[in-house]
Amino acid sequence: MSEELLVRDRTMRDTVITARGLSKIYKSKREGLVEALAPTDFTVKRGEFICLVGPSGCGKSTLLKILAGIIPQSGGDFQIHHDARKKINCDVGLVFQAPVLLPWRTVIENTMLPAEVLEMDLGHARERASDLLRMVGLNGFETSYPGELSGGMQQRCAITRALLHDPSLLLMDEPFGALDAMTRDTMNLELQRIWAESGKTIFLITHSIPEAVFLADRIFVMSPRPGRVVDEIRPELPRPRGLRSTTTPEFGAAVRRIRELLGLEAGDRPYVD
């Protein structure tokens with residue numbers, strides 16, 4: 001095989017998501033056809049931490065739901081591990097803003113839910129669930145119910161549930177948006193550690209520009225609706241990142257650049273959270 005083909009093959013094997021001209025049009029009784037997502041292109045490499053930011057209503061969650069197989073795209077195509085996806089993909093884990101834990105099930109039972117749905121070996125799955133709960137600091141709370149946990153602890157449980165079936169890709173839609181600022185900082189540190197230890201690829205949507213800069217290898221910036229990825233930012237911050245990273249000139253420069261792209265610095269296009 002030629003060197004060029006070897007490089008191309010290696011690049012393909014290292015690519016987790018490829019999107020080409022991906023778009024979505026909704027039918028609305030009130031507005032007729034609504035273009036939620038304009039044709040957009042991007043790739044995500046194996047092991048990357050990608051954050052997606054943009055104005056409210058620009059199609060961020062729509063894009064994530066398409067990647068997850070929850071809704072179909074209207075145009076374009078995308079591949080996960082080089083396979084075109086038309087339905088829900090078992091190699092993908094999902095975490096939403098609300099933990100969506102079943103209140104009548106304990107922490108370990110909520111974590112085990114994918115094992116039951118996917119008919120995994122329950123003995124092996126329970127061992128993995130225990131390991132994951134230990135990894136996120138929930139060991140000792142296995143028999144607790146969601147109502148007995150803090151918001152941050154509930155979201156950690158949701159993350160373990162998403163990781164139980166060992167997906168290579170984790171899609172996260174505003175996972176810490178409902179948490180207070182101090183808990184959110186703690187969860188950002190925790191998520192960075194989980195990502196580093198698990199080796200997963202993470203694609204995370206957030207309204208918080210500082211959160212995106214703190215977490216991401218690359219940040220995709222979306223335009224207002226109809227949204228599309230218009231630029232990407234690579235924070236020049238070494239890993240692992242601590243909260244002191246947020247006080248560095250490099251951190252501030254990345255935040256300012258994203259704000260400029262969103263029209264915040266000039267004030268010509270207000271950003272709505």
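**Notes on a predicted model**

1. Let's start with glutamine 73, which counts as buried at 19% relative accessibility (buried is under 20% relative accessible area, exposed over 50%, partly exposed in between, with a 1.4 Å probe and protein chains only). Glutamine 73 sits in the loop between helix H2 (60–68) and S4. Helices (H or I, at least four residues) and strands (E, at least two) are DSSP runs, numbered from the N terminus. Setting aside neighbours within four places in sequence, glutamine 73 is in contact with Leu22, Ser23, Lys24, Ile66 and Phe78, where contact means heavy atoms within 4.5 Å.

2. A word on what you're looking at. This is a predicted model, in which local features need pLDDT of at least 70 and side-chain atom pairs count only at pLDDT 80 or more, while totals for chains, interfaces and linings use all residues. Residues are numbered from 1 along each chain as its sequence is written, and side-chain values use heavy atoms, with hydrogens and water left out.

3. Now the overall picture. The protein has nine helices and ten strands, and 48% of its 273 residues are buried. Take the contacts between residues at least 6 apart in sequence: 71% of them join residues at least 24 apart.

4. Which residues touch the most other members of the largest nonpolar core? They are Val213, Ile219 and Ile258, out of 48 residues in that core. (A nonpolar core is a set of buried Ala, Val, Leu, Ile, Met, Phe, Trp, Tyr and Cys residues joined through side-chain atoms within 4.5 Å.) Not counting residues up to four places away in sequence, isoleucine 258 touches Val53, Ile209, Val213, Ile219, Val221 and Ile233. Another core, of 26 residues, lies apart from that one; Val16, Ala19, Leu52 and Phe78 are among its members. In soluble globular proteins, nonpolar side chains tend to be buried together.

5. Strand S4 (residues 75–80) holds glutamine 79, which counts as partly exposed at 24% relative accessibility. Its C-alpha is separated by 9.5 Å from that of threonine 15, 64 residues away along the chain.

6. Isoleucine 108 belongs to helix H3 (residues 107–111) and is buried, with a relative accessible area of 6%. Leaving out residues up to four places away in sequence, isoleucine 108 touches Arg126, Ala129, Ser130, Leu133 and Glu142.

7. Have a look at helix H6 (residues 151–163) and helix H7 (residues 181–198): their axes come within 11 Å and cross at roughly 20°. (Axes are lines fitted to C-alpha atoms, for helices over the stretch in contact, and angles run from 0 to 180 degrees between N-to-C directions.) That makes H6 roughly parallel to H7; angles under 35 degrees count as roughly parallel, over 145 as roughly antiparallel, 65 to 115 as roughly perpendicular and the rest as oblique. H6 brings Gly152, Gln155, Arg156, Ile159 and Leu163 to the contact, and H7 brings Thr183, Met187, Glu190 and Ile194.

8. Two cis peptide bonds deserve a glance. One joins arginine 225 and proline 226, with omega about 0°, and proline 226 is in the loop between strand S9 (218–222) and strand S10 (229–233). The other runs from arginine 239 to proline 240, with omega near 0°, and proline 240 is in the loop between S10 and helix H9 (249–261).

9. Finally, some backbone angles. Aspartate 166 is not a glycine, yet has a positive phi of about 60°; aspartate 166 is partly exposed at 42% relative accessibility. Glutamate 174, also not a glycine, has a positive phi of about 50°, but is buried, with a relative accessible area of 9%.
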